[in-house]
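Colleague: Hi! Could you walk me through this one? I'm still new to reading structures.

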Amino acid sequence: MIYVFDAYGTLFDVDGAARQAAETDAALKDIWAALSADWRRKQLEYSWLRAITGDHADFWQVTSEALDWAAERHGATADQAARLLELYRELPAYPEVPEVLDRLRARGARTAIFSNGSPQMLADAAQSAGIGDRLDALLSVESVGRFKPAEESYRIVTDHFDCAPEQINFVSSNGWDIYGATRFGFVTNWVNRSRLPTDRLPRRPVRILADLKGLQ
């Protein structure tokens with residue numbers, strides 16, 4: 001069995017950078033949550049627009065440009081933005097992640113990350129969260145230069161594992177990612193931490209989970 005996880009919002013808490021920065025910077029105390037939400041929203045919007053238009057840039061540039069927009073909107077300084085970007089390389093994993101990966105691997109499963117994140121971003125995040133030795137591969141869309149949910153990006157996974165799409169259990173907290181992965185043929189597990197409605201799209205997740213602990 002092969003379990004492949006999206007990274008940001010699935011294994012790693014994308015609000016972790018702003019939350020941590022606000023713990024030591026009183027000026028961020030009242031704005032960090034809104035700033036983080038806008039940062040994430042723009043990060044995704046920019047990745048989708050670049051995928052559609054073909055104006056590709058790696059995810060670190062996209063993340064930095066999204067932060068520039070969010071920082072300007074919420075009045076964060078250049079120094080604060082630099083600190084937030086630095087912390088993004090060290091996002092915390094959700095609490096259940098190590099135990100879930102250990103459980104799957106104890107059953108003989110192979111585990112990997114497949115993400116829009118650049119290879120260095122993924123390596124930094126996995127090392128910082130202490131889960132690098134629990135993963136067989138860190139797969140990035142940079143090998144094809146097009147962000148998810150483009151079909152050719154998902155093919156990176158099947159090419160790496162030399163398998164059919166239906167042999168991949170794909171796990172993501174992002175509904176748009178689940179749509180793309182289901183369309184490609186993966187067995188999809190949507191981690192719906194925010195209890196959101198299911199997206200009104202032609203392909204639905206095979207399973208819906210409250211968190212990673214429900215992964216079978």
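Colleague: Let's start with a pairing. Which residue in S6 is the bridge partner of Asn 189?

Modeller: That would be Arg 207, in S6. Keep in mind as we chat that this is a predicted model.

Colleague: Noted! How many bridges do S5 and S6 have, and in which sense do they pair?

Modeller: Strand S5, residues 187-191, pairs with S6 over 3 bridges, in the parallel sense. In general, strands of a sheet pair through backbone hydrogen bonds, either parallel or antiparallel.

Colleague: What order do the strands of the sheet have?

Modeller: The sheet is open and has 6 strands, in the order S3-S2-S1-S4-S5-S6, with parallel pairing. Its edge strands are S3 (137-140) and S6 (207-209), and each of these pairs on one side only. From one strand to the next, the twist averages 25°.

Colleague: Which strands does helix H8 touch?

Modeller: Helix H8, residues 175-184, packs on the sheet and touches S4 (168-172) and S5. The direction of H8 makes about 175° with that of S5.

Colleague: Switching to H7. Which of its residues are buried?

Modeller: H7 covers residues 151-161, and its buried residues are Ser 153, Tyr 154, Ile 156, Val 157, Thr 158 and Phe 161.

Colleague: And what covers them?

Modeller: The cover includes strands S1 (2-5), S2 (110-115), S3 and S4, along with helix H8.

Colleague: Why does Ser 153 count as buried?

Modeller: Ser 153 has a relative accessible area of 0%, and buried means under 20%, so Ser 153 counts as buried.

Colleague: What is Ser 153 in contact with, leaving aside its neighbours within four places in sequence?

Modeller: Its contacts are Phe 114, Val 141, Val 144, Arg 146, Phe 147 and Lys 148.

Colleague: What happens just after H7?

Modeller: Asp 162 comes there, and it takes a positive phi of about 50°.

Colleague: New topic, pockets! How much space lies in the largest pocket?

Modeller: About 530 Å³. The lining of this pocket has 23 residues, and those nearest its centre are Arg 40, Ser 173, Asn 174, Ser 194 and Leu 196.

Colleague: Which element gives the largest share of that lining?

Modeller: Helix H2 does, with 6 residues. H2 spans 32-53, and H2, H8 and S5 each supply at least two residues of the lining.

Colleague: How do the lining residues divide into nonpolar, polar and charged?

Modeller: There are 10 nonpolar, 7 polar and 6 charged residues in the lining of the largest pocket.

Methods. Residues numbered from 1 in each chain as written. Predicted model: local features only at pLDDT ≥ 70, side-chain atom pairs only at ≥ 80, totals over all residues. Heavy atoms only, no water. Pairing = 2+ DSSP bridges. Helix = DSSP H or I, 4+ residues; strand = E, 2+ residues; numbered from the N terminus. Axes fitted to C-alpha atoms, helices over the stretch in contact; angles between N-to-C directions. Contact = heavy atoms within 4.5 Å. Buried < 20%, exposed > 50% of the residue type's maximum accessible area, 1.4 Å probe, protein only. 1 Å grid on protein atoms, 1.4 Å probe; cavity = no way out; pocket = protein on both sides within 12 Å on 5 of 7 lines; lining within 4 Å. Points joined across faces, edges and corners; volume = space filled by probe spheres on them. Nonpolar A, V, L, I, M, F, W, Y, C, P; charged D, E, K, R; others polar.
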